[in-house]
Amino acid sequence: MRQLRPRKPVHDGWGPFYNLAGAAELLGASPADVEKQGEVRELLMVSTDDGGLLFPVWQFAGRHLHSRVAKALAVFRDLQGSPWLVVQWATAPNPQLGGATPVEWLRGNHPLEPVLEDARAYAARWSR
């Protein structure tokens, strides 16, 4: 699998990322199908300044979406803002989760509802 980090440094916890070809290989799908899943926000897909498409590795478990992470990301499907906002939310230490990031919390099998509540509040703030 090909992983790619953006050229410009960003928050260290945001990545690593699969590029489009790497995500397609991981999922056993065509790049066009994976891009479409990103466009309709079934997968979290972000774009770089030069038009590259990236998929955060932490949203996957093996060759599939991590089911609990996917439930939290679904809250943001209708978000009008940049998908980078979702990456920022998912990877930022959260005091409501004892300082864990939402991704760490979900992958650690803690209760889902506190993350969903926080995701809804975050999405509401950015949808105003």
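**View 1. Helices α1 and α2 cross each other.** The axes of α1 (residues 20-27) and α2 (residues 31-39) come within 9 Å and cross at roughly 100°. Axes here are lines fitted to C-alpha atoms, for helices over the stretch in contact, with angles running from 0 to 180 degrees between N-to-C directions. That makes α1 and α2 roughly perpendicular to each other (65 to 115 degrees; under 35 is roughly parallel, over 145 roughly antiparallel, and the rest oblique). On the α1 side, L20, A23, A24 and L27 meet P31, V34, E35 and Q37 of α2, contact meaning heavy atoms within 4.5 Å. Sort the residues of this contact and you get six nonpolar, one polar and one charged. For that sorting, Ala, Val, Leu, Ile, Met, Phe, Trp, Tyr, Cys and Pro are nonpolar, Asp, Glu, Lys and Arg are charged, and the others, Gly among them, are polar. A word on the source: this is a predicted model, so local features need pLDDT of at least 70 and side-chain atom pairs count only at pLDDT 80 or more, while totals for chains, interfaces and linings use all residues. Residues are numbered from 1 along each chain as its sequence is written, and side-chain values use heavy atoms, with hydrogens and water left out.

**View 2. The whole chain, for orientation.** There are six helices and six strands here, helices being DSSP runs of H or I with at least four residues and strands runs of E with at least two, numbered from the N terminus. Along the sequence they come in the order β-β-α-α-β-β-β-β-α-α-α-α. Of the 128 residues, 41% count as buried (under 20% relative accessible area; exposed is over 50%, partly exposed in between, with a 1.4 Å probe and protein chains only). Among contacts with a separation of 6 or more, 54% link residues 24 or more positions apart.

**View 3. Helix α4 and what covers it.** Look along α4 (residues 83-91) and you'll find L85, V86, V87, W89, A90 and T91 buried. Their cover includes β3 (46-47), β4 (53-56), α3 (67-74), α5 (102-107) and α6 (113-126).

**View 4. H66 in its loop.** H66 sits in the loop between β6 (64-65) and α3. With a relative accessibility of 12%, H66 counts as buried. Leaving aside residues up to four places away in sequence, H66 touches Q59, F60, A61, L106 and R107.

**View 5. The salt bridge between E113 and R120.** A search of the whole structure turns up one salt bridge, that is, a side-chain nitrogen of Lys or Arg within 4 Å of a carboxyl oxygen of Asp or Glu. The partners are E113 and R120, whose closest N and O atoms are 3.1 Å apart. E113 is partly exposed at 37% relative accessibility, and R120 is partly exposed at 42%.

View 6. Most residues other than glycine have a negative phi. R41 isn't a glycine, yet has a positive phi of about 65°. You'll find R41 in the loop between α2 and β3, partly exposed with a relative accessible area of 22%. N109, not a glycine either, has a positive phi of about 60°. N109 is in the loop between α5 and α6 and counts as exposed at 59% relative accessibility.
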